[in-house]
Amino acid sequence: MSQSNRIERVAVIGATGRVGKQFAEELLKTGKHTVTAVIRPDTKLASLPAGIRQSSPVDFSDPDQGSLAAALAGQDFLIITLSVTAPLDLHSKIVRAAVAAGVKWIMPNVYGPDVFEKALHDVEVFAKATRQCEEIEALGVNYVACVCGFWYEWSLAIGEPWFGFDLKGRRVTFFDEGETKIGV
């Protein structure tokens, strides 16, 4: 059997969500990938992108992650898109199951600024993202972090803690003297 030098089989965790669905749809449009949604028993199948394959339902609460490893077997690449409300240990469980299944590349649940920028390590969400990448690397697997800048459109509406804008209250908070430039 010849080995391919490209990624053909891609699994997406979160394929019905805001981020995961976009990844799945764009990969399917290329016609170059077999895309599989890793689904839960309660996944709303009608919300999956047209043309996507489905894994057998996975029990993400299973401490052994056997059903998840089985769903990931044969995949070249795993895209993880988790809600910010996902259990704190879930990402690590997914990564370990992917490694056990032989997945060669993982895109961790890391989207935004460069998480290896030392100035961001004081912010827990970015420090956590860095740890997620480091865990994958320590397990001997390749990863791709999506460094796409701050999510301006979504983050502006989230409220004051992100950009300082309270649109409903018609207020803005400057986190310094208003002189520091940010990149988005």
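I began with E8, which touches K32, H33, T34 and D76, leaving out residues up to four places away in sequence; contact here is heavy atoms within 4.5 Å. This is a predicted model, where local features need pLDDT of at least 70, side-chain atom pairs count only at pLDDT 80 or more, and totals for chains, interfaces and linings use all residues. Numbering runs from 1 along each chain as its sequence is written, and side-chain values use heavy atoms, with hydrogens and water left out.

Still on E8: I looked up D76, which sits 68 residues away in sequence but 6.6 Å away in space, C-alpha to C-alpha. E8 is partly exposed, with a relative accessible area of 24% (buried is under 20%, exposed over 50%, partly exposed in between, with a 1.4 Å probe and protein chains only).

Next I searched the whole structure for aromatic pairs and got 1. F23 and Y111 make up that pair, tilted, at 5.9 Å centre to centre and 40° between the planes. My cut-offs: Phe, Tyr and Trp (six-membered ring) centres within 6.5 Å, planes under 30 degrees stacked, over 60 edge-to-face, the rest tilted. F23 is partly exposed at 22% relative accessible area.

Last, I checked the nonpolar cores, meaning buried Ala, Val, Leu, Ile, Met, Phe, Trp, Tyr and Cys residues joined through side-chain atoms within 4.5 Å. The largest holds 21 residues, and V38, L68, L78 and I94 have the most contacts inside it. I then listed what V38 touches beyond four places in sequence; among them are A11, I13, F60 and L68. A second, separate core of 15 residues includes V19, L27, F77 and I79.
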